[in-house]
Amino acid sequence: MQQQLMDIILFCAVSAAFVARQKLTCGSSGFADTTNPEDLLLALQKGTTLNATENVCTVDEDNIPAPNGHTRKEMRLKKMWHRATYIIIRHVDPADAHSEGEDDERTYLLVQRRSNIKDYCPGKLDATPGGVVGFNESYESNAIREMIEEMNISVNDGANKFSKLFTFPYQDGSVRVWGGMFELTYKGKLSDIKMQPEEVSEVVRLSIKDIRRMAAENPDDWMPDGLHAINLYLQFRNDRKLKRKLLKGYSSSDLDRYALRPKPEVIFFDCDDCLYFDGWQLANKLTAKIEEWCTSKKNLPPGEAYQLYKRHGTALRGLLAEGHMEDCEHEIDEYLNDVHDLPIDEHLSIDNELRDMFLKIDPSIPKYVFTASVRHHAQRCLEALGIDDLFVDIIDVKSCNLATKHSTESFEAAMRIAGVTNPESCLFLDDSTKNIEAARAVGWRACLVGRIGRDCGKPITSEHAEHEIDRIHDLPLILPEIFCRS
């Protein structure tokens, strides 16, 4: 009995997924089947494809429209840049209170199977239905028209929410298109959908989770630009959910030329007051050590060490620049060793929560400690925290030729050491707003760790950070994409 019940439930679920099917034949439409690439090319050359003479909006590589447009036939044959709409149709079943959600399992989309007579990707599944924009037609007008014509869905229905999200370029060996991405929340009944038989052969209701699985298993069954569009949508949706700042200068920040953000090739972590926070006790002791060294060994007046720091970025660079120290490795090492002789074990201890978090980061992304201090100090901190085995290397002040993290020189040195060339693929976490600003100046993505300033004791923020968190342990909350899925 239980097995029969399970079979009934499974049958109902499958039946609900498939809204309708209308198998098309050449006789019913008057157009030839174009699922064979050779037949499609021949039909395009003869001008016998669907809507072959329609004048469409062709554009250049920057999405500037051609003055007179071109026929759909010419656009397809010459693979010209053109405009098209891509519409995420989120279906909220009015009879199912659990059919609406932000997770991939509970977000359902209406997916089209394109007819076999289409002049592009005939017979393919399309997770972002839409259409080619006509000459002198706007993206929005096209999207509204396509929904009515192809599926009998009115975006002006008060129950349906409709919005423009972004514009994006896409090109491969078959198509070059500037897409307008829209999101439509359809709250009507599936039975109200009426398909345009020349354009659509079936409509399927699928969760995003199932779309991703099916596309991974059989990518050739899907429109490639549609898959790219849905990946862009998922990134956009995730950024919106996480309230990620879209900072100017990055691939994912321009909604008029939206693009996928590159996966981080490397993650750089600051050490002090970033990987741990002890109320700046070690930092204060380091500052006191520097002050003591400058007054006792160089006979500088009290407070001059801090003035050197303010003028040159670090006290060490100030000592060298103003002639208080000989520019030789021996004296530099003596200074660095003396000021970093700190009782680390009195302040830091094993942090299992931190270790567990690091172990969940995608292992294909190398992690570096990028510190303004010296290697042996950072190494002692990592050992005290119990995470010294989780990093590829430590990039310290000597690795960067004593350059400060307020300058681009140190970031360029870190990239050379890590073997990366694309700045946007570098992810940086630091507690200093000045360091965050310098990171953005070279094109790194950056997150501020710690929202209280050491010097002022008041809340701080950075316009150059895409995220801000109170402690490093909160990293999964703002960058879930760099963690392995459980």
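Tyr368 is buried, at a relative accessible area of 8%. This value, like the others here, comes from a predicted model. Phe268 is also buried, because its relative accessibility is 0% and the limit for that class is under 20%.

The whole structure holds 21 aromatic pairs. In one of them, the ring centres of Phe268 and Tyr368 lie 5.8 Å apart, and the planes meet at 35°, so the pair counts as tilted. A tilted pair falls between the stacked class, under 30 degrees, and the edge-to-face class, over 60. Phe268 belongs to strand E10 (residues 266-269) and Tyr368 to strand E11 (residues 367-370), so the pair ties together parts that are 100 residues apart in sequence.

Helix H6 (208-217) and helix H7 (224-242) each supply at least two residues of the lining. By residue class, the lining of the second largest pocket divides into 15 charged, eight nonpolar and four polar residues.

## Ala403 in its loop

Ala403 sits in the loop that runs between strand E12 (393-395) and helix H14 (408-418). Is Ala403 buried or exposed? Ala403 is buried, because its relative accessible area is 6% and the limit is under 20%.

Apart from neighbours within four places in sequence, Ala403 is in contact with Arg317, Val397, Glu409 and Ser410. The C-alpha atoms of Ala403 and Ala413 are 9.1 Å apart in space, and the two residues are ten apart in sequence.

## Confidence in the model

The mean pLDDT of the protein is 90. A value of 70 or more is reached by 92% of the residues.

Residues 1-28 have pLDDT under 50 throughout. For this stretch, the model has 25 contacts beyond four places in sequence.

Terms used
Residues numbered from 1 in each chain as written. Predicted model: local features only at pLDDT ≥ 70, side-chain atom pairs only at ≥ 80, totals over all residues. Heavy atoms only, no water. Helix = DSSP H or I, 4+ residues; strand = E, 2+ residues; numbered from the N terminus. Nonpolar A, V, L, I, M, F, W, Y, C, P; charged D, E, K, R; others polar. pLDDT = per-residue confidence, 0-100. Contact = heavy atoms within 4.5 Å. Phe/Tyr/Trp six-rings, centres within 6.5 Å; stacked < 30°, edge-to-face > 60°. Buried < 20%, exposed > 50% of the residue type's maximum accessible area, 1.4 Å probe, protein only.
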